[in-house]
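The sequence and structure come first.

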Amino acid sequence: MTLLRLEDVGKSYGGVAALRGLSFAVGPGEIVGLMGANGAGKTTAFSLIAGTQRPSEGRIWFDGKRIDGKPAYAVARLGIARTFQIVRPFAGLTVIDNLVIAALYGRLRERSRGAAEARAREILAEVGLAADATRPAETLTLAGRKRLEVARAVAAGPRLLLLDEVLAGLTASEVAEALDMIRALHRRRRLTLVVIEHVMRALTQLCQRIIVLHHGAKIAEGSPAEVVVDQRVIDAYLGTRKL
Amino acid sequence: MTRQGWQTGLVLVAATALAAALPLALGTYSLGVALDLMMWIALAESWAMFSGLSGYVSLGHAVFYGVGAYVTVLLWQVLPLWFSVPLGGLTAAALALLLGWPCLRVRGPYFVILTLGISEFIKYAVISTEAALGRNGRLLIGTPSLTVLFEAMLALAVLSMAVLQIVRSARLGAGLLAIREDEVAAEAVGINATAVKLSAFAMSAFIPGMVGGLMILRSTYFEPMQAFSPTTSFTIVTVAILGGSDTVAGPLLGSLFLVLLSELLWTRAPEVYMIILGVLLVAFVLFVPEGLVGRAGRFLRAPKPGPSSRDHRAVVIEP
(Lines give C-alpha, C1' and ligand atoms only; values in the text may rest on other atoms or scores of the structure.)
Protein backbone atom coordinates (compact mmCIF):
# COMPACT_ATOMS: atom_id res chain seq x y z
CA MET A 1 0.00 0.00 0.00
CA THR A 2 1.27 3.46 -0.89
CA LEU A 3 0.56 6.75 0.85
CA LEU A 4 2.70 9.01 -1.35
CA ARG A 5 3.79 8.36 -4.91
CA LEU A 6 5.80 10.56 -7.25
CA GLU A 7 5.87 9.68 -10.96
CA ASP A 8 8.51 11.30 -13.20
CA VAL A 9 8.27 14.58 -11.34
CA GLY A 10 10.38 17.45 -12.63
CA LYS A 11 10.81 21.14 -11.97
CA SER A 12 12.55 23.68 -14.17
CA TYR A 13 13.27 27.34 -13.54
CA GLY A 14 13.63 28.92 -16.94
CA GLY A 15 16.00 26.56 -18.70
CA VAL A 16 17.53 25.15 -15.52
CA ALA A 17 16.21 21.80 -14.29
CA ALA A 18 16.18 21.64 -10.49
CA LEU A 19 14.59 18.20 -10.50
CA ARG A 20 14.30 15.58 -13.27
CA GLY A 21 12.17 12.45 -13.54
CA LEU A 22 11.92 11.80 -9.82
CA SER A 23 9.86 8.73 -8.93
CA PHE A 24 9.47 7.08 -5.57
CA ALA A 25 6.77 5.80 -3.25
CA VAL A 26 6.31 5.94 0.50
CA GLY A 27 4.14 3.52 2.45
CA PRO A 28 2.09 4.37 5.55
CA GLY A 29 4.20 4.53 8.70
CA GLU A 30 7.52 4.53 6.86
CA ILE A 31 10.42 6.86 7.62
CA VAL A 32 12.18 7.69 4.36
CA GLY A 33 15.25 9.90 4.06
CA LEU A 34 16.07 12.25 1.19
CA MET A 35 19.80 12.73 0.88
CA GLY A 36 21.93 14.80 -1.43
CA ALA A 37 24.41 17.65 -1.62
CA ASN A 38 23.34 21.29 -1.68
CA GLY A 39 21.36 21.98 -4.84
CA ALA A 40 20.52 18.29 -5.39
CA GLY A 41 16.79 19.09 -5.43
CA LYS A 42 15.70 17.84 -2.00
CA THR A 43 13.87 20.97 -0.85
CA THR A 44 12.43 21.42 -4.36
CA ALA A 45 10.95 17.93 -4.06
CA PHE A 46 9.39 18.91 -0.70
CA SER A 47 7.98 22.13 -2.16
CA LEU A 48 6.38 20.19 -5.03
CA ILE A 49 4.84 17.59 -2.70
CA ALA A 50 3.57 20.25 -0.27
CA GLY A 51 2.11 22.40 -3.05
CA THR A 52 4.35 25.39 -2.32
CA GLN A 53 5.45 25.07 -5.97
CA ARG A 54 3.91 23.39 -9.01
CA PRO A 55 5.84 20.68 -10.81
CA SER A 56 6.79 21.36 -14.43
CA GLU A 57 6.12 17.71 -15.25
CA GLY A 58 5.01 14.46 -13.67
CA ARG A 59 2.32 13.43 -11.24
CA ILE A 60 2.10 13.26 -7.45
CA TRP A 61 -0.43 11.05 -5.66
CA PHE A 62 -1.33 11.15 -1.97
CA ASP A 63 -3.67 8.57 -0.48
CA GLY A 64 -5.02 7.77 -3.94
CA LYS A 65 -5.67 11.42 -4.84
CA ARG A 66 -3.72 13.42 -7.39
CA ILE A 67 -2.24 16.45 -5.62
CA ASP A 68 0.23 17.99 -8.08
CA GLY A 69 -0.90 21.51 -8.90
CA LYS A 70 -3.06 21.79 -5.79
CA PRO A 71 -2.32 24.87 -3.65
CA ALA A 72 -0.37 24.42 -0.42
CA TYR A 73 -3.37 24.98 1.86
CA ALA A 74 -5.37 22.27 0.07
CA VAL A 75 -2.48 19.81 0.33
CA ALA A 76 -2.15 20.62 4.05
CA ARG A 77 -5.86 19.96 4.59
CA LEU A 78 -5.48 16.59 2.88
CA GLY A 79 -2.89 15.64 5.51
CA ILE A 80 0.59 16.67 4.39
CA ALA A 81 2.51 19.03 6.66
CA ARG A 82 6.01 20.33 6.20
CA THR A 83 8.70 22.16 8.08
CA PHE A 84 10.96 24.71 6.45
CA GLN A 85 14.72 24.50 6.11
CA ILE A 86 15.00 28.07 7.41
CA VAL A 87 12.42 27.99 10.18
CA ARG A 88 9.35 30.16 9.68
CA PRO A 89 7.54 30.43 13.01
CA PHE A 90 4.74 32.96 13.48
CA ALA A 91 7.40 34.90 15.33
CA GLY A 92 5.27 37.60 16.95
CA LEU A 93 2.70 35.15 18.31
CA THR A 94 3.03 32.96 21.35
CA VAL A 95 4.32 29.41 21.02
CA ILE A 96 0.89 27.94 21.75
CA ASP A 97 -0.85 30.24 19.27
CA ASN A 98 1.47 28.92 16.56
CA LEU A 99 0.00 25.47 17.17
CA VAL A 100 -3.58 26.63 17.78
CA ILE A 101 -3.65 28.21 14.32
CA ALA A 102 -2.41 24.99 12.72
CA ALA A 103 -5.00 22.96 14.65
CA LEU A 104 -7.81 25.32 13.57
CA TYR A 105 -6.90 25.22 9.88
CA GLY A 106 -5.10 21.91 9.26
CA ARG A 107 -6.52 18.50 8.36
CA LEU A 108 -8.41 18.18 11.64
CA ARG A 109 -9.92 21.69 11.54
CA GLU A 110 -10.70 21.77 15.25
CA ARG A 111 -14.15 23.25 15.81
CA SER A 112 -13.30 25.56 18.69
CA ARG A 113 -10.35 27.44 20.06
CA GLY A 114 -10.65 25.40 23.25
CA ALA A 115 -10.29 22.10 21.37
CA ALA A 116 -7.39 23.53 19.37
CA GLU A 117 -5.67 24.67 22.57
CA ALA A 118 -6.08 21.26 24.17
CA ARG A 119 -4.49 19.61 21.15
CA ALA A 120 -1.73 22.24 21.10
CA ARG A 121 -0.85 21.67 24.79
CA GLU A 122 -0.70 17.92 24.24
CA ILE A 123 1.78 18.34 21.37
CA LEU A 124 3.83 20.97 23.21
CA ALA A 125 4.27 18.48 26.05
CA GLU A 126 5.43 15.83 23.57
CA VAL A 127 8.08 18.10 22.04
CA GLY A 128 9.24 19.53 25.38
CA LEU A 129 7.93 23.06 24.91
CA ALA A 130 5.10 22.97 27.49
CA ALA A 131 6.88 25.46 29.76
CA ASP A 132 7.30 27.89 26.87
CA ALA A 133 3.64 27.89 25.75
CA THR A 134 2.98 31.56 26.45
CA ARG A 135 6.36 32.88 25.30
CA PRO A 136 6.50 34.80 22.04
CA ALA A 137 7.96 32.40 19.47
CA GLU A 138 10.66 34.91 18.55
CA THR A 139 12.24 34.53 21.99
CA LEU A 140 12.97 30.79 21.56
CA THR A 141 16.50 29.51 20.92
CA LEU A 142 17.29 27.92 17.55
CA ALA A 143 16.71 24.46 19.02
CA GLY A 144 13.40 25.68 20.45
CA ARG A 145 12.36 27.15 17.11
CA LYS A 146 13.17 23.88 15.35
CA ARG A 147 11.00 22.02 17.86
CA LEU A 148 8.25 24.58 17.38
CA GLU A 149 8.45 24.12 13.62
CA VAL A 150 7.89 20.38 14.05
CA ALA A 151 5.19 20.89 16.69
CA ARG A 152 3.23 23.32 14.50
CA ALA A 153 3.37 20.90 11.58
CA VAL A 154 2.12 18.08 13.84
CA ALA A 155 -0.67 20.32 15.17
CA ALA A 156 -2.07 20.52 11.64
CA GLY A 157 -2.92 16.83 12.03
CA PRO A 158 -0.89 15.39 9.15
CA ARG A 159 -0.64 11.79 8.03
CA LEU A 160 2.56 12.57 6.14
CA LEU A 161 5.15 14.87 7.71
CA LEU A 162 7.97 16.35 5.63
CA LEU A 163 10.91 17.36 7.83
CA ASP A 164 13.41 19.65 6.13
CA GLU A 165 16.75 19.71 7.97
CA VAL A 166 15.29 20.01 11.46
CA LEU A 167 18.63 18.89 12.93
CA ALA A 168 20.81 21.41 11.10
CA GLY A 169 22.67 23.81 13.38
CA LEU A 170 21.98 21.81 16.55
CA THR A 171 24.64 20.58 18.97
CA ALA A 172 25.32 16.84 19.30
CA SER A 173 23.19 16.53 22.43
CA GLU A 174 20.39 18.57 20.85
CA VAL A 175 20.49 16.29 17.79
CA ALA A 176 20.11 13.22 20.03
CA GLU A 177 17.16 14.79 21.84
CA ALA A 178 15.54 15.86 18.59
CA LEU A 179 15.90 12.34 17.17
CA ASP A 180 14.15 10.92 20.25
CA MET A 181 11.39 13.49 19.82
CA ILE A 182 10.91 12.60 16.15
CA ARG A 183 10.82 8.88 16.89
CA ALA A 184 8.30 9.42 19.70
CA LEU A 185 6.05 11.55 17.46
CA HIS A 186 6.28 8.96 14.69
CA ARG A 187 5.23 6.20 17.08
CA ARG A 188 2.51 8.01 19.03
CA ARG A 189 0.98 9.95 16.15
CA ARG A 190 1.31 7.12 13.61
CA LEU A 191 2.99 9.47 11.20
CA THR A 192 4.68 8.74 7.93
CA LEU A 193 7.89 10.73 7.63
CA VAL A 194 10.02 11.92 4.76
CA VAL A 195 13.18 13.49 6.13
CA ILE A 196 15.79 15.72 4.51
CA GLU A 197 18.98 15.75 6.51
CA HIS A 198 22.67 16.49 6.10
CA VAL A 199 23.58 14.80 9.37
CA MET A 200 24.37 11.38 7.83
CA ARG A 201 24.55 9.48 11.09
CA ALA A 202 21.15 10.81 12.14
CA LEU A 203 19.64 9.88 8.79
CA THR A 204 20.94 6.32 8.90
CA GLN A 205 19.73 5.92 12.51
CA LEU A 206 16.29 7.29 11.79
CA CYS A 207 15.31 6.06 8.34
CA GLN A 208 14.25 2.68 7.06
CA ARG A 209 14.97 3.70 3.49
CA ILE A 210 17.06 6.45 1.89
CA ILE A 211 16.70 8.07 -1.51
CA VAL A 212 19.78 9.88 -2.82
CA LEU A 213 19.48 12.82 -5.21
CA HIS A 214 22.29 14.29 -7.28
CA HIS A 215 21.95 17.24 -9.66
CA GLY A 216 18.16 16.92 -9.56
CA ALA A 217 17.96 13.19 -10.30
CA LYS A 218 17.65 10.08 -8.17
CA ILE A 219 20.88 8.08 -8.20
CA ALA A 220 20.22 5.52 -5.47
CA GLU A 221 17.50 4.13 -3.23
CA GLY A 222 17.69 1.49 -0.55
CA SER A 223 18.28 0.73 3.10
CA PRO A 224 20.85 2.94 4.90
CA ALA A 225 23.33 0.06 4.83
CA GLU A 226 22.94 -0.33 1.06
CA VAL A 227 23.08 3.35 0.27
CA VAL A 228 26.24 4.21 2.18
CA VAL A 229 28.25 1.64 0.19
CA ASP A 230 26.66 2.47 -3.18
CA GLN A 231 29.44 3.51 -5.58
CA ARG A 232 27.25 6.17 -7.25
CA VAL A 233 26.60 7.78 -3.87
CA ILE A 234 30.28 7.66 -2.97
CA ASP A 235 31.17 9.20 -6.33
CA ALA A 236 28.55 11.93 -5.97
CA TYR A 237 29.55 12.81 -2.44
CA LEU A 238 33.30 12.30 -2.55
CA GLY A 239 34.05 12.63 -6.28
CA THR A 240 36.04 10.17 -8.37
CA ARG A 241 39.76 9.74 -8.14
CA LYS A 242 41.62 10.81 -11.29
CA LEU A 243 44.76 8.86 -11.96
CA MET B 1 -17.54 33.61 28.94
CA THR B 2 -15.13 34.43 31.76
CA ARG B 3 -16.04 36.67 34.68
CA GLN B 4 -13.76 39.35 33.29
CA GLY B 5 -15.51 39.00 29.94
CA TRP B 6 -18.91 39.54 31.53
CA GLN B 7 -17.60 42.57 33.43
CA THR B 8 -16.16 44.07 30.24
CA GLY B 9 -19.45 43.38 28.45
CA LEU B 10 -21.46 45.09 31.20
CA VAL B 11 -19.17 48.13 31.15
CA LEU B 12 -19.57 48.38 27.37
CA VAL B 13 -23.38 48.07 27.55
CA ALA B 14 -23.47 50.78 30.22
CA ALA B 15 -21.13 53.02 28.19
CA THR B 16 -23.28 52.50 25.08
CA ALA B 17 -26.47 53.34 27.01
CA LEU B 18 -24.79 56.45 28.37
CA ALA B 19 -23.60 57.45 24.90
CA ALA B 20 -27.10 56.88 23.49
CA ALA B 21 -28.40 59.41 26.00
CA LEU B 22 -25.88 62.07 24.94
CA PRO B 23 -28.33 63.93 22.63
CA LEU B 24 -30.37 64.73 25.77
CA ALA B 25 -27.38 66.43 27.39
CA LEU B 26 -25.36 67.94 24.52
CA GLY B 27 -25.91 70.96 22.36
CA THR B 28 -25.71 70.84 18.56
CA TYR B 29 -21.98 71.61 18.38
CA SER B 30 -20.98 69.06 21.01
CA LEU B 31 -23.27 66.43 19.51
CA GLY B 32 -21.61 67.06 16.15
CA VAL B 33 -18.21 66.38 17.76
CA ALA B 34 -19.63 63.21 19.35
CA LEU B 35 -20.92 62.12 15.92
CA ASP B 36 -17.42 62.65 14.48
CA LEU B 37 -15.97 60.59 17.31
CA MET B 38 -18.37 57.71 16.61
CA MET B 39 -17.53 57.96 12.90
CA TRP B 40 -13.78 57.61 13.48
CA ILE B 41 -14.33 54.75 15.92
CA ALA B 42 -16.46 52.90 13.36
CA LEU B 43 -13.98 53.55 10.53
CA ALA B 44 -10.83 52.74 12.52
CA GLU B 45 -12.25 49.58 14.14
CA SER B 46 -13.34 48.32 10.70
CA TRP B 47 -9.93 49.13 9.24
CA ALA B 48 -8.16 47.41 12.14
CA MET B 49 -10.25 44.28 11.59
CA PHE B 50 -8.46 43.81 8.28
CA SER B 51 -5.25 45.84 8.30
CA GLY B 52 -4.46 45.52 12.00
CA LEU B 53 -4.85 41.76 12.03
CA SER B 54 -3.43 40.93 8.59
CA GLY B 55 -0.63 43.50 8.34
CA TYR B 56 -1.91 44.57 4.90
CA VAL B 57 -2.09 48.32 5.49
CA SER B 58 -4.92 49.73 3.40
CA LEU B 59 -4.59 53.38 2.46
CA GLY B 60 -7.71 53.16 0.35
CA HIS B 61 -10.58 52.85 2.82
CA ALA B 62 -11.76 56.32 1.75
CA VAL B 63 -13.09 54.68 -1.39
CA PHE B 64 -15.48 52.51 0.65
CA TYR B 65 -16.64 55.54 2.59
CA GLY B 66 -17.12 57.46 -0.69
CA VAL B 67 -18.93 54.63 -2.47
CA GLY B 68 -21.33 54.23 0.46
CA ALA B 69 -22.00 57.96 0.35
CA TYR B 70 -22.51 57.89 -3.42
CA VAL B 71 -24.96 54.97 -3.29
CA THR B 72 -26.96 56.71 -0.56
CA VAL B 73 -27.02 59.93 -2.62
CA LEU B 74 -28.05 58.15 -5.83
CA LEU B 75 -30.89 56.38 -4.00
CA TRP B 76 -31.93 59.49 -2.06
CA GLN B 77 -35.73 59.73 -2.10
CA VAL B 78 -35.83 56.61 -4.29
CA LEU B 79 -35.44 54.06 -1.51
CA PRO B 80 -35.90 54.43 2.25
CA LEU B 81 -32.70 55.21 4.17
CA TRP B 82 -32.87 52.03 6.27
CA PHE B 83 -32.41 50.25 2.96
CA SER B 84 -30.14 52.56 0.97
CA VAL B 85 -27.50 53.08 3.71
CA PRO B 86 -26.95 49.31 4.25
CA LEU B 87 -26.98 48.92 0.46
CA GLY B 88 -24.12 51.45 0.40
CA GLY B 89 -22.28 49.17 2.84
CA LEU B 90 -22.94 46.11 0.69
CA THR B 91 -21.76 47.94 -2.43
CA ALA B 92 -18.55 48.91 -0.61
CA ALA B 93 -18.05 45.27 0.43
CA ALA B 94 -18.62 44.08 -3.15
CA LEU B 95 -16.13 46.68 -4.39
CA ALA B 96 -13.60 45.43 -1.81
CA LEU B 97 -13.98 41.90 -3.21
CA LEU B 98 -13.41 43.22 -6.71
CA LEU B 99 -10.40 45.36 -5.76
CA GLY B 100 -9.00 42.82 -3.32
CA TRP B 101 -8.63 40.14 -5.98
CA PRO B 102 -5.74 41.92 -7.76
CA CYS B 103 -4.51 44.12 -4.88
CA LEU B 104 -4.11 41.41 -2.25
CA ARG B 105 -1.54 39.63 -4.40
CA VAL B 106 1.06 42.19 -3.37
CA ARG B 107 1.98 43.23 0.14
CA GLY B 108 4.02 45.73 2.11
CA PRO B 109 4.50 49.16 0.55
CA TYR B 110 3.18 47.88 -2.81
CA PHE B 111 -0.22 47.14 -1.28
CA VAL B 112 -0.27 50.52 0.49
CA ILE B 113 0.44 52.44 -2.72
CA LEU B 114 -1.92 50.29 -4.79
CA THR B 115 -4.87 50.85 -2.46
CA LEU B 116 -4.21 54.59 -2.39
CA GLY B 117 -3.87 54.69 -6.18
CA ILE B 118 -7.07 52.75 -6.83
CA SER B 119 -8.95 54.88 -4.32
CA GLU B 120 -7.85 58.01 -6.19
CA PHE B 121 -8.68 56.39 -9.54
CA ILE B 122 -12.23 55.65 -8.44
CA LYS B 123 -12.58 59.17 -7.05
CA TYR B 124 -11.75 60.66 -10.45
CA ALA B 125 -13.98 58.11 -12.19
CA VAL B 126 -16.92 59.33 -10.05
CA ILE B 127 -15.96 62.97 -10.72
CA SER B 128 -15.95 62.28 -14.48
CA THR B 129 -19.25 60.42 -14.28
CA GLU B 130 -20.87 63.26 -12.38
CA ALA B 131 -19.46 65.78 -14.86
CA ALA B 132 -20.79 63.69 -17.78
CA LEU B 133 -24.21 63.68 -16.10
CA GLY B 134 -23.98 67.46 -15.82
CA ARG B 135 -23.86 67.35 -12.03
CA ASN B 136 -21.66 69.68 -10.03
CA GLY B 137 -22.58 68.33 -6.63
CA ARG B 138 -25.88 67.05 -5.29
CA LEU B 139 -27.92 68.69 -2.57
CA LEU B 140 -29.89 66.54 -0.14
CA ILE B 141 -32.92 68.23 1.40
CA GLY B 142 -34.85 66.81 4.33
CA THR B 143 -32.14 64.57 5.78
CA PRO B 144 -32.65 63.03 9.25
CA SER B 145 -31.91 65.08 12.36
CA LEU B 146 -28.48 65.16 14.01
CA THR B 147 -29.84 63.07 16.89
CA VAL B 148 -31.02 60.30 14.55
CA LEU B 149 -27.69 60.31 12.70
CA PHE B 150 -25.78 60.23 15.98
CA GLU B 151 -27.74 57.23 17.26
CA ALA B 152 -27.23 55.39 13.96
CA MET B 153 -23.49 56.18 14.01
CA LEU B 154 -23.24 55.03 17.62
CA ALA B 155 -24.80 51.74 16.54
CA LEU B 156 -22.19 51.39 13.77
CA ALA B 157 -19.36 52.21 16.19
CA VAL B 158 -20.57 49.54 18.63
CA LEU B 159 -21.11 47.08 15.78
CA SER B 160 -17.59 47.67 14.45
CA MET B 161 -16.10 47.01 17.89
CA ALA B 162 -18.16 43.84 18.28
CA VAL B 163 -17.11 42.62 14.82
CA LEU B 164 -13.42 43.21 15.57
CA GLN B 165 -13.71 41.40 18.92
CA ILE B 166 -15.57 38.45 17.37
CA VAL B 167 -13.15 38.17 14.44
CA ARG B 168 -10.13 38.36 16.77
CA SER B 169 -11.32 35.37 18.75
CA ALA B 170 -12.59 33.41 15.74
CA ARG B 171 -10.88 31.17 13.19
CA LEU B 172 -10.78 34.10 10.74
CA GLY B 173 -8.77 36.24 13.17
CA ALA B 174 -6.28 33.42 13.78
CA GLY B 175 -5.87 33.08 10.02
CA LEU B 176 -5.28 36.80 9.58
CA LEU B 177 -2.66 36.87 12.35
CA ALA B 178 -0.86 33.93 10.75
CA ILE B 179 -0.89 35.71 7.38
CA ARG B 180 0.52 38.81 9.04
CA GLU B 181 3.38 36.79 10.51
CA ASP B 182 4.27 34.61 7.53
CA GLU B 183 1.98 33.98 4.58
CA VAL B 184 3.93 30.99 3.18
CA ALA B 185 3.92 29.25 6.55
CA ALA B 186 0.24 30.11 6.96
CA GLU B 187 -0.64 28.35 3.71
CA ALA B 188 1.48 25.38 4.78
CA VAL B 189 -0.76 24.78 7.81
CA GLY B 190 -3.95 24.88 5.72
CA ILE B 191 -4.89 28.55 5.56
CA ASN B 192 -6.40 29.60 2.24
CA ALA B 193 -4.73 33.01 2.41
CA THR B 194 -6.57 34.45 -0.61
CA ALA B 195 -10.01 33.55 0.76
CA VAL B 196 -9.18 34.72 4.29
CA LYS B 197 -7.78 38.06 3.10
CA LEU B 198 -10.61 38.69 0.64
CA SER B 199 -13.39 37.93 3.11
CA ALA B 200 -11.78 40.10 5.81
CA PHE B 201 -11.17 42.95 3.33
CA ALA B 202 -14.83 42.84 2.24
CA MET B 203 -16.02 42.74 5.87
CA SER B 204 -13.82 45.71 6.74
CA ALA B 205 -15.36 47.74 3.88
CA PHE B 206 -19.00 47.13 4.86
CA ILE B 207 -19.27 49.46 7.87
CA PRO B 208 -17.21 52.29 6.26
CA GLY B 209 -19.70 52.16 3.37
CA MET B 210 -22.57 52.73 5.78
CA VAL B 211 -20.60 55.41 7.64
CA GLY B 212 -20.18 57.25 4.32
CA GLY B 213 -23.93 57.03 3.76
CA LEU B 214 -24.71 58.52 7.16
CA MET B 215 -22.09 61.26 6.91
CA ILE B 216 -23.36 62.44 3.55
CA LEU B 217 -26.78 62.83 5.17
CA ARG B 218 -25.06 64.91 7.84
CA SER B 219 -23.31 67.21 5.35
CA THR B 220 -26.43 67.33 3.07
CA TYR B 221 -24.19 67.95 0.08
CA PHE B 222 -22.38 65.40 -2.07
CA GLU B 223 -19.19 66.46 -3.76
CA PRO B 224 -16.89 63.62 -4.93
CA MET B 225 -13.62 65.39 -4.05
CA GLN B 226 -14.80 65.58 -0.46
CA ALA B 227 -16.59 62.22 -0.21
CA PHE B 228 -13.62 60.29 -1.64
CA SER B 229 -10.94 62.46 0.00
CA PRO B 230 -7.77 60.45 0.80
CA THR B 231 -7.63 62.43 4.06
CA THR B 232 -10.21 59.94 5.36
CA SER B 233 -7.79 57.05 4.75
CA PHE B 234 -4.84 58.96 6.22
CA THR B 235 -6.85 59.82 9.33
CA ILE B 236 -7.93 56.21 9.85
CA VAL B 237 -4.29 55.10 9.76
CA THR B 238 -3.35 57.97 12.08
CA VAL B 239 -5.98 56.86 14.60
CA ALA B 240 -4.60 53.31 14.42
CA ILE B 241 -1.03 54.51 14.91
CA LEU B 242 -2.05 56.62 17.89
CA GLY B 243 -4.13 53.97 19.62
CA GLY B 244 -2.76 50.68 18.35
CA SER B 245 -4.30 48.62 15.62
CA ASP B 246 -4.92 45.04 16.64
CA THR B 247 -7.12 45.39 19.69
CA VAL B 248 -10.62 46.83 20.08
CA ALA B 249 -9.35 49.37 22.61
CA GLY B 250 -6.66 50.73 20.24
CA PRO B 251 -8.84 52.43 17.61
CA LEU B 252 -11.26 53.51 20.36
CA LEU B 253 -8.54 55.30 22.33
CA GLY B 254 -6.90 56.61 19.15
CA SER B 255 -10.21 58.12 17.98
CA LEU B 256 -10.89 59.72 21.36
CA PHE B 257 -7.37 61.14 21.47
CA LEU B 258 -7.43 62.46 17.89
CA VAL B 259 -10.95 63.95 17.92
CA LEU B 260 -10.61 65.64 21.29
CA LEU B 261 -7.11 66.93 20.53
CA SER B 262 -8.20 68.17 17.10
CA GLU B 263 -11.12 70.03 18.63
CA LEU B 264 -8.91 71.53 21.31
CA LEU B 265 -6.21 72.61 18.88
CA TRP B 266 -8.67 73.76 16.25
CA THR B 267 -10.42 76.09 18.69
CA ARG B 268 -7.26 77.25 20.50
CA ALA B 269 -4.67 77.32 17.70
CA PRO B 270 -6.46 77.18 14.33
CA GLU B 271 -3.39 78.35 12.37
CA VAL B 272 -1.02 75.66 13.54
CA TYR B 273 -3.23 72.79 14.63
CA MET B 274 -2.48 70.62 11.61
CA ILE B 275 1.25 71.21 12.09
CA ILE B 276 1.01 70.18 15.74
CA LEU B 277 -0.99 67.07 14.80
CA GLY B 278 1.63 66.17 12.19
CA VAL B 279 4.50 66.54 14.65
CA LEU B 280 2.58 64.46 17.17
CA LEU B 281 2.04 61.71 14.63
CA VAL B 282 5.75 61.58 13.77
CA ALA B 283 6.54 61.47 17.51
CA PHE B 284 4.17 58.53 17.97
CA VAL B 285 5.68 56.60 15.06
CA LEU B 286 9.17 57.16 16.46
CA PHE B 287 8.60 56.78 20.20
CA VAL B 288 5.32 54.90 20.72
CA PRO B 289 5.13 52.59 17.66
CA GLU B 290 2.93 50.13 19.56
CA GLY B 291 0.28 52.83 20.12
CA LEU B 292 -1.36 53.96 23.35
CA VAL B 293 -2.85 50.56 24.13
CA GLY B 294 0.40 48.69 23.49
CA ARG B 295 2.35 51.14 25.63
CA ALA B 296 -0.22 50.91 28.43
CA GLY B 297 -0.06 47.11 28.27
CA ARG B 298 3.73 47.18 28.46
CA PHE B 299 3.60 49.60 31.38
CA LEU B 300 1.12 47.40 33.26
CA ARG B 301 3.15 44.24 32.61
CA ALA B 302 6.52 45.76 33.42
CA PRO B 303 6.50 45.49 37.23
CA LYS B 304 5.63 41.77 37.17
CA PRO B 305 8.71 39.62 36.66
CA GLY B 306 8.49 35.93 35.83
CA PRO B 307 6.38 34.02 33.35
CA SER B 308 3.44 36.44 33.41
CA SER B 309 5.60 39.19 31.97
CA ARG B 310 5.96 37.10 28.83
CA ASP B 311 2.28 36.36 28.63
CA HIS B 312 1.25 38.38 25.64
CA ARG B 313 -0.43 37.47 22.42
CA ALA B 314 -1.01 40.73 20.64
CA VAL B 315 1.79 42.12 18.59
CA VAL B 316 2.32 45.39 16.86
CA ILE B 317 1.70 45.88 13.18
CA GLU B 318 4.51 47.28 11.15
CA PRO B 319 2.82 49.79 8.90
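**Helix packing and backbone notes**

Helices H4(A) and H5(A) cross in a right-handed sense; a crossing is right-handed if the near helix is turned clockwise from the far one by less than a right angle, and left-handed if anticlockwise. The model is predicted: local features need pLDDT of at least 70, side-chain atom pairs count only at pLDDT 80 or more, and totals for chains, interfaces and linings use all residues. Residues are numbered from 1 along each chain as its sequence is written, chains are lettered from A and ligands numbered from 1 in the order in which they are written, and side-chain values use heavy atoms, with hydrogens and water left out.

**H4 and H5 of chain A**

- The axes of H4(A) (residues 113-127) and H5(A) (residues 142-155) come within 10 Å and cross at roughly 140 degrees; axes are lines fitted to C-alpha atoms, for helices over the stretch in contact, and angles run from 0 to 180 degrees between N-to-C directions.
- That angle makes H4(A) oblique to H5(A) (under 35 degrees counts as roughly parallel, over 145 as roughly antiparallel, 65 to 115 as roughly perpendicular and the rest as oblique).
- Helices (H or I, at least four residues) and strands (E, at least two) are DSSP runs, numbered from the N terminus.
- On the H4(A) side Arg119(A), Ile123(A) and Val127(A) meet Arg147(A), Ala151(A), Val154(A) and Ala155(A) of H5(A), where contact means heavy atoms within 4.5 Å.
- Five of these contact residues are nonpolar, none polar and two charged (Ala, Val, Leu, Ile, Met, Phe, Trp, Tyr, Cys and Pro count as nonpolar, Asp, Glu, Lys and Arg as charged, and the others, Gly among them, as polar).

**H5 and H6 of chain B**

- H5(B) (residues 81-103) and H6(B) (residues 109-132) pack at about 135 degrees, with axes 11 Å apart.
- Leu95(B), Leu99(B) and Cys103(B) of H5(B) make the contact with Phe111(B), Leu114(B), Ile118(B) and Ile122(B) of H6(B).
- The contact of H5(B) with H6(B) has seven nonpolar, no polar and no charged residues.

- H10(B) (residues 193-219) has 27 residues, which should span 39 Å at 1.5 Å a residue, and its end C-alpha atoms are 39 Å apart, in agreement; the expected span is 1.5 Å times one less than the number of residues.
- Of the 27 residues of H10(B), 20 are buried (under 20% relative accessible area, with exposed over 50% and partly exposed in between; 1.4 Å probe, protein chains only).
- H4(B) (residues 62-74) packs against H10(B) at about 50 degrees, with axes 6 Å apart.
- H4(B) and H10(B) are therefore oblique to each other, and their crossing is right-handed.
- The contact includes Phe64(B) and Tyr65(B) of H4(B), and Phe201(B) and Pro208(B) of H10(B).
- By class, the contact of H4(B) with H10(B) has 11 nonpolar, five polar and no charged residues.

**Positive phi values**

- Most residues other than glycine have a negative phi.
- Asp8(A), not a glycine, has a positive phi of about 50 degrees; Asp8(A) lies in strand S1(A) (residues 4-13) and is partly exposed, at 47% relative accessible area.
- Glu165(A), also not a glycine, has a positive phi of about 50 degrees; Glu165(A) sits in the loop between strand S7 (160-164) and helix H6 (172-188) of chain A and is buried, at 7%.
- Thr220(B), which follows H10(B), has a positive phi near 65 degrees.

- Leu260(B), in helix H13(B) (residues 249-268), is partly exposed, at 48% relative accessible area.
- Leu260(B) and Ala94(B) are 166 residues apart in sequence and 34 Å apart in space, C-alpha to C-alpha.
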